[in-house]
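Hi,

Here is the structure I promised to pass on.

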Amino acid sequence: MEKNRVAVLGIVVNNREETSRKINNILSDFGHIIVGRMGIPYKEKGISVISIIVDGTNDEIGALAGKLGNINGVKAKVAITY
């Protein structure tokens, strides 16, 4: 059995109007590993920044980051504990 990790997922969204539904659907699918979420619109730069704390396996965390990163206009990076 794989050990759970706690990680921070940083997401930068360039076109919120076009991507918000896709992002929220993916986050809902992975809701069982999400501990907390904070989203901030950065109007001066025309982007939104979301930080998510997750508690899951490496596979779950990687799948979440990968699905988000595959959305056009979305960048997702993970900082994971060992």
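First, something to check by eye: are α1 and α2 roughly parallel or roughly antiparallel to each other? They pack at an angle of about 170°, with their axes 10 Å apart. The axes are lines fitted to C-alpha atoms, for helices over the stretch in contact, and angles run from 0 to 180 degrees between N-to-C directions. Angles under 35 degrees count as roughly parallel, over 145 as roughly antiparallel, 65 to 115 as roughly perpendicular and the rest as oblique. So α1 and α2 are roughly antiparallel.

Some ground rules. This is a predicted model, where local features need pLDDT of at least 70 and side-chain atom pairs count only at pLDDT 80 or more, while totals for chains, interfaces and linings use all residues. Residues are numbered from 1 along each chain as its sequence is written, and side-chain values use heavy atoms, with hydrogens and water left out. Helices (H or I, at least four residues) and strands (E, at least two) are DSSP runs, numbered from the N terminus.

Now α1. This helix covers residues 16–29, 14 residues in all, and reaches 19 Å from its first C-alpha to its last, close to the 20 Å expected at 1.5 Å a residue (1.5 Å times one less than the number of residues). Thr19, Ile23, Ile26 and Leu27 are buried there (under 20% relative accessible area; exposed is over 50%, partly exposed in between; 1.4 Å probe, protein chains only). On the α2 side, Ile23, Ile26 and Leu27 meet Leu64, Lys67 and Leu68, contact being heavy atoms within 4.5 Å.

Leaving aside neighbours within four places in sequence, Leu64 is in contact with Leu9, Ile26, Leu27, Phe30, Ile33 and Val54.

As for the strands, β2 (34–42) and β3 (47–56) pair in the antiparallel sense over eight bridges; pairing takes at least two DSSP bridges between two strands. Gly39 has Ile50 in β3 as its bridge partner. The two strands form a hairpin with four residues between them, and Gly46 in the turn has a positive phi of about 70°.

Finally, Lys77 in β4. Lys77 counts as exposed because its relative accessibility is 62%. Beyond its neighbours within four places in sequence, Lys77 is in contact with Val8, Leu9 and Gly10. Its C-alpha is separated by 9.7 Å from that of Gly62, 15 residues apart along the chain.

Cheers
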